[in-house]
Amino acid sequence: MHYKTFFSFTLLFLFCQLLVAQTTTVKDTASLPEIQYGISNPKYEIAAITVTGAGNYEDFVLIGFSGLAVGDVINVPGDQITNAVKRFWKQGLFSDVKILATKIKDGKVWLNIALKERPRVSEVNYIGLKKSEIEDLEIKVGIVKGNQITPNISDRAKKIIDKYLEEKGFLNVVVNVYQRNDPKKAGFVIVDINVDKKLKTKIHELIYTGNVALTHNQINKAMKKTNDGNWRNFFRTKKFVREEYEKDKIALIDKYNEIGYRDAYIVSDSVVPFDTKTVNVYIKVNEGKKYYYRNIKWIGNTIYPYDYLNTVLGVKKGDVYNHKSLTARLQTDDDAVSKLYQNRGYLFFNVEPIEVNIDNDSIDFEMRIYEGKPATINEIGIKGNTRVYEHVIRRELRTKPGQLYSQEDIMRSLRELAQMGHFDPEKIKPDILPDPENGTVDINYELETKGSDQIEFSAGWGSTGVVGSIGLKFSNFAIQNLFKPETYRIVPQGEGQTLTINGRTNGQSYSSVSLSFLEPWLGGKRPNSLSSSIYYSTQSDVSSRYAANSANYINSLASNYGYGNSSSSYSTLYQSEIDPNKYMRTLGASLGYGKRLSWPDDYFVFQGELSYQLFMIKNWLYLPPLTDGNYNNFSVNLTLSRSSIDNPIYTRSGSAFSLGLKITPPYSVLNGGKVNGKSYSDPTMSNADRYRFLEYHKWTFSGKTFTPLTLDSKLVLMGRAMFSYLGEYNKNARSPFETFNMGGDGMSSYTSYGTDYIAMRGYTSGSLTPYDPKIGANVGYLYNKFTMELRYPLSLEQSATIYALTFVEAGNSFNKMSDYNPFDLKRSAGVGVRIFLPMFGMMGIDWGYGFDKVNGTKSGSQFHFVLGQEL
């Protein structure tokens, strides 16, 4: 009996101690009042609450957080005290929590919340990680200097580091988080995060069983991020990443669904270490049977008949079941059934394919349609525009308030906004806010303004000295605001017009200036453009005395001072020997008008331009057979073009075609074939008379297509074909102007005779231009060129668009049509990079290798620079 009494007393004592631990209402010293733990706990009114041990927090904040308040009547001990302690423990900010009764008198209790703060972090050290890995992890891990560190934070840091390194192929990572007291700061700790990555885990072999419909290689292709060492995976990752592996298992089943195996599933899979570096992946599949479409029935359609919907769907009886394709044809393709309805205003349209019968290997579907009512556009909002007047944006939109909703109109509006060049094309997106109850929809276009004005500074060194150029392009010019100083940012802005000013000079022998203006919406109501330009250039030659003696002079400099000094001295001498009686001057002006057409579709634009050039030549030896005289070039330029590209900088889809004809009056026909009584066939006719009025007809064709090769539309294949021909009305008046110079980077020199410079990478500048013995110079009257480029973006940021490319191209130029051979092409291939900076435009560098010989010499390796021109 005494043993039972002793045992019962012991249990009661331990139970009381447990209550003390839970509520922490213990007596730390003999001075504290004695708390009786029994069946009936007395109630006390809280007279006061104090806080100790938490100097970094305000007392009233902690008291309020505890849930206790002066005046509350509580049981001591009781649930109120226990719950308050639990609240503090749950926060994880304290390593010890006690609530002490410091005084009990007259039915009142005085409480003290005694806390011990967890240490704060003074320093974080990462051990076993690279600098780049530390930079990636610092924000994610959440261990910050000055903040407290808790066990939860430490555990979370371990999991984050584990997951981060697993994505990089490290499956056996060991992470430890150590804390040590900071001797310099009381209450602070130094945190050492020790990471042992072990060896990166790769896949040794993928082992499949149960697969018949798909081969090993087809499964490998379906599982894009889980690949073994098969030679076909040479350019693919071999790392084993658990997250990617789970995605690839889903992709594998999706692949089976695409070829009719709708019941396919993975029976089992396992990842087994092969050695310390690699694992084997075992996957067992059950393919099930192959299914086919049988009957398809449409229910709920009133706008389109079922036979038309079947045609749009493109699924026939007996076709292999393909869930992915079915979803795409109903919802996501550009010409999907849903887009058919949405383009007619049925924004609330929905179609649900239901399998209503499965008979052996055949499936019957019901396409259950909810058409709803057409949605009307209520409001059009524009957000993020800080550059142009709002009406300049709204006139480009195909969506207008009061119109029926059209998905096609929204996509076209996005394209037109991108083509403006004032907004980041990668950030343009519509925010569509439907209101089914009222049958309306609000559309907000979210834009991010970017600078599109450009400035060009360049300088080059040549035999004539330094040639410097400056160019300014203002793409948001507003001629209407010339007398509104508040709109000026260097020039008046806001209307989306383009003003371009260019100037080049080497100081004495050469200078040029040009000015051009473009109004894209003449009158502001229709997209009819007005363009104009004016330009002037002059270039002088050296004196005859200098030309006769310059070779001896250079040789003497080279022998006396070395070639390093001869270049500078030669240039200085060249400038001092300029002869003002030897020059070529060009004055020109043009006026153009463009109109957007509605047929065959509104991507077509027709443009006409009147152009006049006056070439003034005196004692000029560089344009045989012309040395003296004034030559007039009055022409009409007609262009029919169509462009549907989605982005003018990094184009992913669409095409651009252009057919042009530049034509002059047939003077040799109008004047009866004679000038000053002499026939054009008369060899005694002076060239000044023969070419006083230039005559020709110039035909050009250019076509480009852009095809995305990946689902994210980043990898793009660009194909291009170009053809041009300069013809004559009279073979004896064949124009030496407006010809073609082919080869190299396509950048024109500062001496130009209306020549088109055609790039051909892998060959030197002008090397593919044929020699004309009649004229005594290299002149091309006909060329064709074909290019294929594979492009991939490295950066699509507003500050800089950068993409890499690889290319193959072939082309050639010819002197006359009878020489033309479409298969006589010079071939090349190479790689390059482009960078578009809003302030400076497109720049880049290409390396090309020419495979064919030119004049008996193989071209080989060539570098080409890009400064705005298209290669």
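View 1. V831 counts as partly exposed because its relative accessibility is 44%, where partly exposed sits between buried (under 20% relative accessible area) and exposed (over 50%), using a 1.4 Å probe and protein chains only. V831 sits in strand β38; strands are DSSP E runs of at least two residues, numbered from the N terminus. This is a predicted model, where local features need pLDDT of at least 70 and side-chain atom pairs count only at pLDDT 80 or more, while totals for chains, interfaces and linings use all residues. Numbering starts from 1 along each chain as its sequence is written, and side-chain values use heavy atoms, leaving out hydrogens and water.

V831 belongs to a nonpolar surface patch with M747, Y792, L794, V833, I845, W847, F863, F865 and L867, together showing about 940 Å² of accessible area. Patch residues have over 30% relative accessible area and no salt bridge, with nonpolar side chains (Val, Leu, Ile, Met, Phe, Trp, Tyr) joined within 5 Å and like charges within 9 Å. Areas are Shrake-Rupley values with a 1.4 Å probe, and for residues only the protein chains shown count as cover. A salt bridge puts a Lys or Arg side-chain nitrogen within 4 Å of an Asp or Glu carboxyl oxygen. At least two patch residues come from each of β36, β38 (826-837), β39 (841-854) and β40 (857-867), and β40 gives the largest share, three residues.

View 2. On the surface, K130, K200, K202 and K277 gather into a patch of positive charge. Lys and Arg count as positive, Asp and Glu as negative, with His and the chain ends not counted; each charge is placed at NZ of Lys, CZ of Arg, CG of Asp or CD of Glu. K202 lies in strand β8 (residues 202-209) and is partly exposed at 41% relative accessibility.

**View 3. Aromatic pairs.** The whole structure holds 24 aromatic pairs. Rings of Phe, Tyr and Trp (its six-membered ring) pair with centres within 6.5 Å; planes under 30 degrees apart are stacked, over 60 edge-to-face, the rest tilted. F740 and Y783 make an edge-to-face pair, because their planes are at 70 degrees, with ring centres 5.1 Å apart. F740 is in β32 (residues 740-742) and Y783 in β36 (residues 782-796), so the pair ties together parts 43 residues apart in sequence. F740 is buried at 1% relative accessible area, and Y783 is buried at 5%. Elsewhere, ring pairs link Y304, Y308, Y341, Y346 and F349 into a cluster.

**View 4. I758 and S813.** I758, in strand β33 (residues 756-758), counts as buried at 9% relative accessibility. From I758 to S813 is 55 residues in sequence and 9.5 Å in space, C-alpha to C-alpha.

Notes: Helix = DSSP H or I, 4+ residues; strand = E, 2+ residues; numbered from the N terminus.
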